[in-house]
Amino acid sequence: MSDILNFARSVFLLQEETFVNLRDSRNVMRTGILILLLCFLIAGALQFVVDLTNNLRPFSADEAADIQAQIMEAMQPWLQFMPEGDEFSQVFMDQFLQNMQAGFGIGAEIDALPTPLGRSLAAIFPDSGVAIGRAISRFLSTLGAWLSKPFAHLGAFLAYGIWVLLFARIMGGAGGIDRFFGVTALYAVPHVLGFLGPLPVVGWLFALLGFVWGIVVYVRGVQVTQRLDIGRSILATFLPLLALLFIGILLLMFVMLTIIFGSN
């Protein structure tokens, strides 16, 4: 356990020896990917508990009333601009409230529907089979969402890394693909701070710190594996993002021009 904590500490502190040792290790890419998956699993563990607790709790009428009250409170700054005594505005608000209440009622009915597993268990446990089946189904669904998120991060990491490696090579970088991906995967280590993300008030600060420091670790990984100076390492890291933003702006402009001239 102490070795793991020391390793994480050295990554946070950007100690060159840690990055170089991983770069020169035999199974660098496999090690890096395992570290990435484990870190994002840890980062989402507390959120998994929160989601599981919420999913296992039945959707009650009190909860629906609380959500409606929050929606109405959020709408108050906009409602003050509605003209007083206006018949159309009053009819609109009445219909809006009725539709919202009906929608929550439908949601509660859907939430109470038995799952296929619940219907099967009801034959064995007539009194509790539906509830047990619903609980198992929601547990498996929440568990699947938690376990799948690290692989989504892995896919994005590999897809973006290909472009970073390309720009690094253009700027004179020299390093193997396996070493590049294995070491830059250490960017996931600071994301462990995202474990505290669900905490009220301060949770988002820890998540933001982990995200920002993860970028710093990524740049360090590019520098060590491609043997570039810090300036070119930063450029190699962010040029793909700038290129994607540029392409996105061009596509948006093309779509807007197509709509404008197409309508004419």
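Which residues in helix 2 meet helix 9, and which residues in helix 9 do they meet? Keep that question in mind as we walk through this structure, which is a predicted model.

On the helix 2 side, you will find Phe19, Leu22 and Arg23, and they meet Arg179, Gly182 and Val183 in helix 9. If you sort the residues of this contact by class, three are nonpolar, one is polar and two are charged. Now look at how the two helices are placed. Their axes come within 9 Å and cross at roughly 140 degrees. Angles over 145 degrees would count as roughly antiparallel, so helix 2 and helix 9 are described as oblique to each other. Helix 2 passes helix 9 in a right-handed crossing.

Helix 2 has another partner to visit, helix 10. The axes of helix 2 and helix 10 come within 10 Å and cross at roughly 60 degrees, and these helices are therefore oblique to each other. This crossing is right-handed. From helix 2, Glu16, Phe19, Val20 and Arg23 take part, and they meet Val217, Arg220, Gly221, Val224 and Thr225 in helix 10. Here the classes divide into four nonpolar, two polar and three charged residues.

In soluble globular proteins, nonpolar side chains tend to be buried together. The largest nonpolar core of this model has 31 residues, and those touching the most other members are Phe19, Leu36, Phe157, Phe180, Leu186, Tyr187 and Tyr218. Helices 2, 3, 8, 9 and 10 each supply at least two residues of this core. The largest share, seven residues, comes from helix 3.

Setting aside its neighbours within four places in sequence, Phe180 is in contact with Gly161, Val164, Leu165, Tyr218, Val222, Thr225 and Gln226.

Our last stop is Gly175, in the loop between helix 8 and helix 9. Is this glycine buried or exposed? Gly175 has a relative accessible area of 15%, and buried means under 20%, so Gly175 is buried. Not counting residues up to four places away in sequence, Gly175 touches Arg169, Thr225 and Gln226. Thr225 and Gln226 are also among the contacts of Phe180. Finally, trace the chain from Arg23 to Gly175: the two are 152 residues apart in sequence, yet 9.5 Å apart in space, C-alpha to C-alpha.

Key:
Residues numbered from 1 in each chain as written. Predicted model: local features only at pLDDT ≥ 70, side-chain atom pairs only at ≥ 80, totals over all residues. Heavy atoms only, no water. Core = buried A, V, L, I, M, F, W, Y, C linked by side-chain atoms within 4.5 Å. Buried < 20%, exposed > 50% of the residue type's maximum accessible area, 1.4 Å probe, protein only. Helix = DSSP H or I, 4+ residues; strand = E, 2+ residues; numbered from the N terminus. Contact = heavy atoms within 4.5 Å. Axes fitted to C-alpha atoms, helices over the stretch in contact; angles between N-to-C directions. Parallel < 35°, antiparallel > 145°, perpendicular 65-115°, else oblique. Left-handed = near helix turned anticlockwise from the far one by under 90°. Nonpolar A, V, L, I, M, F, W, Y, C, P; charged D, E, K, R; others polar.
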